[in-house]
Amino acid sequence: MMVKFILLNCNILHFSEAIDSVMNFIKLKKRSTVFFLNSDCVYKSFTDNEYINVLNNADMVLPDGVGLRLIIWFFGKKMLDNCNGTDFCPVLMEKLTEFRYKIFFLGGKEGVAKKAADNMRKKIPNITIVGTHSGYFKDDNQVIEKINSSGADVLFVAMGVPLQEKWIARNREHLNPRLCLGVGALLDFLSGTIPRAPKFMRLIHLEWLWRIIIEPKRMFKRYIIDGFKLFILVIKYKFSRN
């Protein structure tokens, strides 16, 4: 089921095509959802049917990272571009600014979303960020009301996988923004809370190593221990089909 999702439902597009497709969702004025899929997401999907169902019902799921590139290649397909959210979303925000779409940031610890918004206003002077809220709250309805009353067209939700995807799916019919995206650690990066890997490490596909250096306890488990478990699961699945 997991690999079937990757092969059939993951949108394998060039970066620019993915940007154009997402912009078209907004222009159609329908309630759309976009998620990103990396190897950690795939690992989590093995034991979480609800998460798989949420991904399967999304309007677009974009491939993220070298781990996913290898999995897709292993099953006979080719990932055209790495559409990771940390690179994709700022480019999308520039496009949104051109059309004067309004943005809302939801997620991170207290103050992170606001700091991310402040930094993006400096980077993209005409950007319209109409509201922010931390990812720690008990009352969904109160937060949804804040988002809806802001008039936001696009909602970036940064709560981590799979919580953010499930939260969006559970509340989508009550959320007015035309587009909702699950964006993981994006606001931590945009706010400067977590430093991004140097460009040379990104170019040679070693951002995962940088993440281990910055957050060794959490990221060693994700990339090394869980990564090895995922490798075994994918191998078993591959040869169980033959």
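1. C89 counts as buried, at 0% relative accessibility, where buried means under 20% relative accessible area, exposed over 50% and partly exposed in between (1.4 Å probe, protein chains only). The model is a predicted one, in which local features need pLDDT of at least 70 and side-chain atom pairs count only at pLDDT 80 or more, while totals for chains, interfaces and linings use all residues. Residues are numbered from 1 along each chain as its sequence is written, and side-chain values use heavy atoms, with hydrogens and water left out.

2. On the cysteines, a search of the whole structure finds 0 disulfides, a disulfide being a pair of cysteine sulfur atoms within 2.5 Å. C89 is in no disulfide, and the nearest cysteine sulfur, that of C83, is 11 Å away. For C10, the closest cysteine sulfur also belongs to C83, and because it lies 8.8 Å away, it is too far for a bond. C10 is buried, with a relative accessible area of 7%.

3. The count of salt bridges comes to 14, each being a side-chain nitrogen of Lys or Arg within 4 Å of a carboxyl oxygen of Asp or Glu. One of them joins D40 and R222, with the closest N and O atoms 3.5 Å apart. D40 lies in helix 3 (residues 39–45) and R222 in helix 13 (residues 216–240), so this pair ties together parts that are 182 residues apart in sequence; helices (H or I, at least four residues) are DSSP runs numbered from the N terminus. D40 is buried at 8% relative accessible area, whereas R222 is partly exposed at 21%.

4. A further salt bridge links K221 with D226, whose closest N and O atoms are 3.0 Å apart. Here K221 is partly exposed, with a relative accessible area of 43%, and D226 counts as buried at 8% relative accessibility. Salt bridges that share partners also join D40, K44 and R222 into one network.

5. Within helix 7 (residues 112–123), R121 and D118 are 3 residues apart, which means that about one helical turn separates them. The two form a salt bridge, their closest N and O atoms being 3.2 Å apart. R121 is partly exposed, at 34% relative accessible area, and D118 is partly exposed as well, at 26%.

6. Lastly, N148 has its place in helix 8 (residues 140–150). A polar atom of the N148 side chain lies 2.9 Å from the backbone oxygen of H174. Leaving aside neighbours within four places in sequence, N148 is in contact (heavy atoms within 4.5 Å) with H174, L175, N176 and P177.

How values were computed. Helix = DSSP H or I, 4+ residues; strand = E, 2+ residues; numbered from the N terminus. Polar contact = N/O pair within 3.5 Å; in protein donor to acceptor, adjacent residues only side chain to side chain.
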